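This report looks at a few residues and ring pairs in one protein model. Please have the sequence and the structure at hand while reading.

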Amino acid sequence: MKLFITLFTILMFSSLTAQDHYNLKKGFVAKGYDVVAYFENEAIKGDDQFISEYEDVSYKFSSKKNLNIFNSKPEKYVPQYGGYCAYAVAVKGDKVDINPKTFQIIDDKLYLFYNKLGVNTLENWNEEGVEKLKKQANENWEKLVKKE
C-alpha cells in the first residue's frame, strides 16, 4: 500500500507540474498562435480545426501544413521558457505573460515577450544584450522549474 501511495503521489506530482511549465493563457501555448508561423516571421492566430498536443499541452496552427510540420518535429517549435516572457525570466526570474505578436527567433529557437501599456520587453531584450540575457534566462528558468 505504501508503494502504491508513493507511486500515485509521484504520478500526480509529475502530471500536475508538466503543464505548470507552460504559459497556457487561453488554453493554448502562445495564446493559440501558430508556433510554426513564427519561424516564417509571422504571428498568426491558430485555427480550431488544426490542434496538436505535445508534452501534455495544446498548440493551434493556421494550416494543416503547419500542423504537420509541427508534428514531425515538435521540440523545434516549442517556445523557450514555456512561452513566458523571455526578458522577465532573465531579469526578474519570474513568469510573465506575453503578447503573442511580439517574438524573436534566435539560433532557431522561439522567444516570446511582454508588450503592453507602452512596455515592449523585446526592445529591452535587444538593447541590454541578447546573449547575456539568454544566459540569465536559462539559469533562472532552471530554478523556476525546480521550484515547482
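## Basis

The model is predicted, so local features need pLDDT of at least 70 and side-chain atom pairs count only at pLDDT 80 or more, while totals for chains, interfaces and linings use all residues. Residues are numbered from 1 along each chain as its sequence is written, and side-chain values use heavy atoms, with hydrogens and water left out.

## Aromatic pairs

The structure holds eleven aromatic pairs; rings of Phe, Tyr and Trp (its six-membered ring) pair if their centres lie within 6.5 Å, and planes under 30 degrees apart count as stacked, over 60 as edge-to-face and the rest as tilted. One of them joins Y38 and F103, tilted, at 4.6 Å centre to centre with 55° between the planes. Because Y38 lies in helix 2 (residues 35–38) and F103 in strand 3, this pair ties together parts 65 residues apart in sequence. Helices (H or I, at least four residues) and strands (E, at least two) are DSSP runs, numbered from the N terminus.

Ring pairs also link F39, Y54, Y59, F61, F70 and Y77 into a cluster.

## Two single residues

S58 is found in strand 2 (residues 57–61). With 18% relative accessibility, S58 counts as buried, meaning under 20% relative accessible area, where exposed is over 50% and partly exposed lies in between (1.4 Å probe, protein chains only).

Q104 belongs to strand 3 (residues 99–106). Beyond its neighbours within four places in sequence, Q104 has contacts that include L110, W125 and N126; contact means heavy atoms within 4.5 Å.
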